[in-house]
Amino acid sequence: MNSRIIGGTSGLLLLLALLGAWLLQPPAQANQVACVTRMPEPGGFLVEGIVGRPQTLNPLLDQDNLVDRELENLLFDGLTQMDSGGRITPALAQEWQISGDGRTITFTLRPNLTWHDGQPVTSQDVAFTYGLLQDETFPGLPHLRSLWQSVTLTPFSEREIVFTLPAPYAPFLEATTIGVLPAHLLAESEIPLSQNSAFNQNPIGTGPFMVQPGHNWVESGRLFLLPNPTHWQQGTILSGLELRFFPDEATLYEAFRAGEVQAINNISALALPVMATLPDIRLITSPAPRYTQILFNLNPAQGSAVRESRVRQALALSLDRADLVDRVLNGQGLPLEGPYPTTSPAYNPAIMTPLPLDRNAAANLLNEAGWTLPAGGLFRQKTANDDIVPLELNLLVLREGLLPALAANIALQWAELGVDVNPISLDVTEFYAALENRSFDLVLVQVTPAADPDLYDFWSQEAIIRGQNYGGWNNRRASESLEQARQQWSWEDRKPFYDAFLGHYANDLPALTLYQHVTTYGISGSVFQAGTGWIDQADIGVLRQPRGRYHTLAHWFIAYTETPCP
């Protein structure tokens, strides 16, 4: 008999009785004999490694730290949540109603909601939480504070709360995905949003996992999470999760190789080839709601050659984006056209059709635009006012990870077309200063759009002055489509406006999307999943939300006993 990682877990009798015993046939080898019955044993923690450290476990303070956002998703719930298709669905809210004038939203909480400490969740908790976002001292994102300051919060009953907006604004619903905090623990605190608050180290939420008390994860670098029994009502075989924080992927690699961790979260493209050599690792990849693209500077004051449509089209047609993904990213990217990832409900491949790789057509477009190759020359030029102007473009890139290598490969490809591209690597401060000053021809950016498809702050005319339309795309009809879409509450009413926006985008090509990012999760083959009459390796859920990967966690196990088949 073989037993491993045995520990105690409560509430499992019903689950184990339902699961029963499972048969696992060993590999067919000449020296092996009969099969064995493998029986899960309750207990043990799944140890998952994460690069980076959390700063605070508070959903109102997690905007600047990826690890914080991951953990917040496991510990807290908002009124609403995003499903795998990017649509708003209920979470703590059972339902909501929108008034006829589109300005009032009434949320009704699900009945019998409780916090991890057993106290009831009420509309007062909701009002308290979102009221903190309205405070002038709120240390988070300024635009989030401004949004909530425009909203009037009115608890109507224990389970109902009314939000009144100054005007219809459909993207507001995404703001209600922010996790709700317990007023009964924080309302009397003078520092509810302080980084040093004791609550932010050992929080009480409503999510599928609870922080195990008695462990100082700040000092140990290990956070223990227990299953919330109200979420996992039939219990779990595992006792919980142990999240270990590592300074870099190299250290995490060694820990997995030594058997100290059984799972790795967010494996980078750079580390993937090495991680793939680990024994007994399974790699699961899923589309991420993020993409990398090149912005063209269309601002008249800059006077860049890319202001001409034929130049942008030529650059797009001559770039082998699949080769970039394979050569630089180890294949860790997905084809994508346009400003919406495939995870967005506004993604429409019928409008944003794939641009073909056609270098002959690209050369013809440049020739038509007057950018020709001189005899014996490497780079194109044109004559303007009796002056010879070379086709030279600066490509700005953040000095981070694989981005400089990506920019260098782009420059090499465009050099074959006769375009002289100069990649310029900048640190974070320099990079964002260049964006604000519009001092570039091309800039390589990584975009994580909001889950709601509202791109008004990226591509509207107003965003040229007060937003992130750094390329200066000035299309009135596209801007109007975005403005009208955000005023409609139903998706059926919004979609035609986003389709219209995409049509203008495809025609003008203000940016060239290179690829959509992916999320890669690694898990050991020693983590199993039990079903009725079968055992297999753990099934990882959709990776769009951090909690999604634990969708079938109730049936995962590590410890087991083996006995010969009867």
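Q: Which residue is the bridge partner of Thr154 in β9?
A: The partner of Thr154 is Val162. This is a predicted model, where local features need pLDDT of at least 70, side-chain atom pairs count only at pLDDT 80 or more, and totals for chains, interfaces and linings use all residues. Residues are numbered from 1 along each chain as its sequence is written, and side-chain values use heavy atoms, leaving out hydrogens and water.

Q: What makes β8 and β9 a pair of strands?
A: Two strands pair if DSSP finds at least two bridges between them. Strand β8 (residues 152-155) and strand β9 (residues 160-164) have 4 bridges, in the antiparallel sense, so they pair. A hairpin through 4 residues joins β8 to β9.

Q: Why is the pair of Trp459 and Tyr505 called edge-to-face?
A: Rings of Phe, Tyr and Trp (its six-membered ring) pair if their centres lie within 6.5 Å; planes under 30 degrees apart count as stacked, over 60 as edge-to-face and the rest as tilted. Here the centres are 5.6 Å apart and the planes stand at 80°, so the pair is edge-to-face.

Q: What does the pair of Trp459 and Tyr505 tie together?
A: Trp459 lies in helix α15 (residues 456-459) and Tyr505 in helix α18 (residues 491-508), so the pair ties together parts that are 46 residues apart in sequence. Helices (H or I, at least four residues) and strands (E, at least two) are DSSP runs, numbered from the N terminus.
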